[in-house]
Amino acid sequence: MEQKVSKSVIRRLPIYLSYLKALPDDAPENISATTLATALCMGEVQVRKDLALVSDGGRPKVGYRRESLVADIEQFLGYDNTNDAVLIGAGKMGRALLGYSGFSEYGLNIVAAFDACDALLGTDESGKPILPMRDLGRLCAHRKILIGIITVPAAQAQTVCDELIANGIKAIWNFAPTHLDVPEGILVQNENMATSLAVLSKHLSAQIKNR
């Protein structure tokens with residue numbers, strides 16, 4: 001489907017997918033937008049609109065066939081195509097991401113990590129290589145890699161970002177707590193832990209006040 005979809009919709013789709021895939025084998029074959037919205041405490045109209053953007057399999061009073069809906073969402077999100085990525089920064093967070101096998105379910109394959117510290121070079125416990133930064137360009141060109149993951153300290157993040165872009169990276173998953181300046185056409189997805197913690201803290205404060 002060629003319709004332009006907002007980032008907010010794209011953020012909700014994995015939530016729907018996760019719920020659908022977690023249903024037991026003996027769950028009903030069909031599921032409605034209403035059922036999905038109720039289960040996830042979301043607005044029915046919003047869920048219905050979201051699903052209509054990625055699947056034309058919905059039927060009045062019947063809903064969607066679960067397996068087909070899962071396939072439609074995965075195809076729309078690109079989970080059915082494996083995308084290779086490189087990771088820069090082989091510290092604790094970097095190695096944790098490098099060793100996480102669950103990324104394959106979402107079509108992401110981290111082929112290697114890179115680090116400027118010689119002491120970290122070699123083979124990770126996951127079996128994936130940790131290479132020196134001088135090898136970044138060669139591997140990106142050879143594997144035609146378009147995704148870069150940044151897990152370096154904030155002070156180094158912009159330099160790493162610039163180097164990734166210079167080597168053909170078009171999309172960056174940024175775990176460094178800093179803003180990155182990128183040219184037009186480069187996508188940056190920030191994982192801001194401070195923001196997430198602030199949301200959790202605010203939620204807890206509200207819950208405590210309402211007791």
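Contact here means heavy atoms within 4.5 Å of each other. This is a predicted model, so local features need pLDDT of at least 70 and side-chain atom pairs count only at pLDDT 80 or more, while totals for chains, interfaces and linings use all residues. Residues are numbered from 1 along each chain as its sequence is written, and side-chain values use heavy atoms, with hydrogens and water left out.

**Exercise 1. Work out where D50 sits and which residues it touches.**

Step 1: Find the element. D50 belongs to helix α3, residues 44-54. Helices are DSSP runs of H or I with at least four residues, strands are E runs of at least two, and both are numbered from the N terminus.

Step 2: Check the accessibility. D50 counts as buried because its relative accessibility is 1%. The cut-offs are under 20% relative accessible area for buried, over 50% for exposed, and partly exposed in between, using a 1.4 Å probe and protein chains only.

Step 3: List the partners. Setting aside residues up to four places away in sequence, D50 touches V9, R12, L13 and Y16.

Step 4: Pick out the polar partner. The side chains of D50 and R12 make a polar contact at 2.7 Å. A polar contact is a pair of N or O atoms within 3.5 Å; within protein, one must be able to donate a hydrogen and the other to accept it, and residues adjacent in sequence count only if both atoms are side-chain atoms.

**Exercise 2. Take apart the largest nonpolar core.**

Step 1: A nonpolar core is a set of buried Ala, Val, Leu, Ile, Met, Phe, Trp, Tyr and Cys residues joined through side-chain atoms within 4.5 Å. In soluble globular proteins, nonpolar side chains tend to be buried together.

Step 2: Count and name. The largest core holds 24 residues, and V86, F114, I150 and I172 have the most contacts inside it.

Step 3: See who contributes. Two or more residues each come from β3 (83-88), β4 (108-115), α6 (136-143) and α7 (154-166). The largest share, five residues, is from α7.

Step 4: Zoom in on F114. Beyond its neighbours within four places in sequence, F114 contacts V86, L87, I88, G89, A90, L131, P132, M133, D135, L136 and L139.

**Exercise 3. Are D56, K61 and K144 buried or exposed?**

Step 1: Start with D56. This residue is in the loop between α3 and β2 (64-65), and its relative accessible area of 63% makes it exposed. D56 and L69 are 13 residues apart in sequence, with their C-alpha atoms 9.0 Å apart in space.

Step 2: Move on to K61. The loop between α3 and β2 also holds K61, which counts as exposed at 91% relative accessibility. Its phi is near 65°, a positive value in a residue other than glycine.

Step 3: Finish with K144. You'll find K144 in the loop between α6 and β7 (147-150), and at 68% relative accessibility K144 counts as exposed. K144 has a positive phi of about 55° although it isn't a glycine.

**Exercise 4. Describe the protein as a whole: how many helices and strands does it have?**

Step 1: Tally the elements. There are eight helices and nine strands.

Step 2: Box it up. Along the principal axes, the C-alpha atoms fill a box of roughly 60 × 45 × 35 Å.

Step 3: Of the 211 residues, 36% are buried.
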